[in-house]
Amino acid sequence: MKVLANDGVSKKGIKALEKAGFEVITTKVAQEQVASFINTHDVKVILVRSATKVKKDIIDACPGLKIIGRGGVGMDNIDVDYARQQGIHVINTPAASSESVAELVFAHLFSGVRFLYDSNRVMPLEGDTNFNGLKKAYANGIELKGKTLGIIGFGRIGQAVAKIALGLGMKVIASDKYVGEAIIRVDFYNGQFINVDIKTEPMEDLLKHSDFITLHVPSQKGYIIGRDELKLMKDNVGIVNAARGGVIDEVALIEALDEDRVLFAGLDVFEEEPTPAMRVLMHPKVSLTPHIGAATFEAQDRIGTELAEQIISLLKNN
């Protein structure tokens, strides 16, 4: 049986599938040609990340498809319910990338509180002629320790963020419509650990009390953070979005940055991917990454292995 990994898959995943007798195709097929490729090559399994969409048109056009796999958590690029109605298995890897995304959140937070997003742009231009001036410009850094981190969306990734924050000595508050409380286990190198019980609270309280805010929610209609929400936040709040583009109103965010109400923003995802708005890309107070939350060797190995195990279980062991 053939597997089309259209957005790529790790070598470990490929090896596991090939060992089980699958042929893995890693050719990148253009979106408009996916259905034709699946039918022409008798592909039974398609694996995607966030780039390739598997919607009703592809599902209808590919009656031989047995599994749609998403390497990651969110499945908004797949018509999940419709696929399952047609008897197609839809799988994902919700736990595999949590640590990688959480660490990227803190990459943006550290970048923000120490102005790395700006100094890395300016130092190559002015470091040899204006060193003392830049030293003064970036002198007002902020420590994360002792500050309050508000986590909107307290699933696996949100809880992974909480672990790192607690390890740094931050106060953690969280808001989630579906999670009432969670026990966060923080492990240490020598086998010791602590458990911290965090009860979620109303979003309005989180917005008012947080020094920094990070979002970990699925794609949805409407903004989670818009003008009204930004007005509730503390002055000089830092905001990070490594969840989905479209959950923050970028126009309102830029306004708040320009008005010095928001200290900085860290964005891994954007409303207009893959062509983010130039105002966002060029803003001097925005730390930028191109949707790479799960893009670590470790996460991709876990994703590939987990997908392979699920595919083998569904198609080989039944």
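Here is a short walk through an annotated span, the cores and the pockets.

Before you click: this is a predicted model, in which local features need pLDDT of at least 70 and side-chain atom pairs count only at pLDDT 80 or more, while totals for chains, interfaces and linings use all residues. Residues are numbered from 1 along each chain as its sequence is written, and side-chain values use heavy atoms, with hydrogens and water left out.

**Stop 1: the annotated span.** Select 134–293, which an unreviewed UniProt entry lists as "domain: D-isomer specific 2-hydroxyacid dehydrogenase NAD-binding"; such annotations may be inferred rather than shown by experiment. The span is 26% helix and 26% strand, with its end C-alpha atoms 30 Å apart. Helices (H or I, at least four residues) and strands (E, at least two) are DSSP runs, numbered from the N terminus.

**Stop 2: the largest nonpolar core.** Now pick Phe 106, Leu 109, Leu 149, Ile 151, Phe 154 and Phe 212, the residues with the most contacts inside this 32-residue core. A core here is a set of buried Ala, Val, Leu, Ile, Met, Phe, Trp, Tyr and Cys residues joined through side-chain atoms within 4.5 Å, and buried means under 20% relative accessible area with a 1.4 Å probe, protein chains only. Among the elements giving two or more residues are helix H5 (98–113), strand E6 (148–152) and strand E12 (262–267). H5 gives the most, with 6 residues.

Zoom in on Leu 109: beyond its neighbours within four places in sequence, Leu 109 is in contact (heavy atoms within 4.5 Å) with Leu 144, Leu 149, Phe 212, Val 240 and Phe 264. A second, separate core of 26 residues includes Val 217, Ile 225, Val 280 and Val 286.

**Stop 3: helix H6.** Show Tyr 117, Asp 118, Ser 119 and Val 122, which are buried in H6. Their cover includes H5, helix H7 (131–137), E12 and strand E13 (286–288).

**Stop 4: the pockets.** A pocket is an open set of points on a 1 Å grid over the protein atoms alone, where a 1.4 Å probe fits, with protein on both sides within 12 Å along at least five of seven lines; lining residues have an atom within 4 Å of a point. Which residues lie nearest the centre of the largest pocket? Val 73, Ile 157, His 216, Val 217 and Pro 218, out of 41 lining residues. Helix H8 (156–167) gives the most to this lining, with 3 residues.

Last, select Ser 50, Lys 53, Phe 270, Glu 273 and His 291, which lie nearest the centre of the second largest pocket, lined by 19 residues.

Terms used:
Buried means under 20% relative accessible area, exposed over 50%, partly exposed in between (1.4 Å probe, protein chains only).
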